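Please consult the sequence and the structure before reading each solution.

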Amino acid sequence: MALVHKLLNGTYILRKCPKPRVVFCPFWRTHFADYCSSSFQKPVAAPGKAYSQRKTKGNLEEHHQREVALEITSPEDKPEISFDKAIKEEMKGHFRHLKDDIVNYWIGPEGRPLHEVLMEQAKVVWQFRSKEDLDKWTVTSDKTIGGRSEVFLKMGRNNQSALLYGTLSSEAPQDGESGRSGYCAMVSKILRGPFEMKRSYDWSHFNTLYLRVRGDGRPWMVNIREDTDIVQRKDQMYSYFMFTRGGPYWQEVKIPFSKFFFSNQGRIRDAQYQLPLDKISSIGFTLADKVDGPFFLEIDFIGVFTDPAHTEEFAYENSPELNPRLFK
């Protein structure tokens, strides 16, 4: 039966094959019959078609080699890096800014006429509408001392605010030195002028700090630093509390500058001094309420304004300037 099956299968294959083609072999002087079908033999192209295929393939290889040659640049074609040119361009930019500062100084504060500045009742110092506005700020947490708090800053919804968020952890670092932890902060960068010279904000014509924020009910500390080059004063700041209500609604916070109290290295001092409004270096917001968990604070803008109803000069009586007899 197996032999019959093989014979039938061979008959079926021969039936599908074309008629035998006689091939003459000159070496053996013998004729052979070619029974190979198209399914077992590769198609042979015509001589003209094969020539066109070889020509097309050669053109493609030549084109590929030309593209590779264009991509490889010789050492002579590499762009030259000139440090002298970069330094000259940097110096030109600094001198241009210096010229603008000199011209603006003769015109008035910040390049505006003096009477316009004196008549100004409100001013927006920081607002958050683009990534460039976020670049003026920096965030920090107790991770710098080994803590586990995390803080991030990004643009809010529709790029109309800044969103400060993260997680607060009061777990002390396991370094054997720090016994307390748990804080997150957002601080503005120092304003720079020509040749990286430090600049300061002059708020002497205003008496109140004005913010539009939206928080989660946590209390924050608003810190203002004085512009100084004295090393002993680098840890001094003026602070006051900001209480957020929580919920979906925005709130307007107004803090008179007379309420800010003086502290050094995080400790409130017995001798209190007034905030020098003509030499403001930076402002910051600190969260350290010892409540572990997530937090957020959304800020629309930060500004200053003059409140005619506020006439208080300084809220604390233990001041060497206002009450010197207490410090004799």
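**Exercise 1.** Which residue in β7 is the bridge partner of V139?

*Solution.* The model is predicted: local features need pLDDT of at least 70, side-chain atom pairs count only at pLDDT 80 or more, and totals for chains, interfaces and linings use all residues. Residues are numbered from 1 along each chain as its sequence is written, and side-chain values use heavy atoms, with hydrogens and water left out.

Step 1. Strands are DSSP runs of E with at least two residues, numbered from the N terminus; two of them pair if DSSP finds at least two bridges between them.

Step 2. β4 pairs with β7 (residues 184-188) in the antiparallel sense, over five bridges.

Step 3. Within β7, M186 is the bridge partner of V139.

**Exercise 2.** State the strand order of the open sheet and identify its edge strands.

*Solution.* Step 1. The seven strands follow the order β4-β7-β14-β9-β10-β12-β13, with antiparallel pairing.

Step 1. The edge strands are β4 (137-141) and β13 (267-268), each of which pairs on one side only.

**Exercise 3.** Is S141 buried or exposed?

*Solution.* Step 1. S141 belongs to strand β4.

Step 1. Its relative accessible area is 8%. Buried means under 20%, exposed over 50%, and partly exposed in between (1.4 Å probe, protein chains only); S141 is therefore buried.

Step 2. Not counting residues up to four places away in sequence, S141 touches S149, V151, Y183 and C184, where contact means heavy atoms within 4.5 Å.

Notes: Helices (H or I, at least four residues) and strands (E, at least two) are DSSP runs, numbered from the N terminus.
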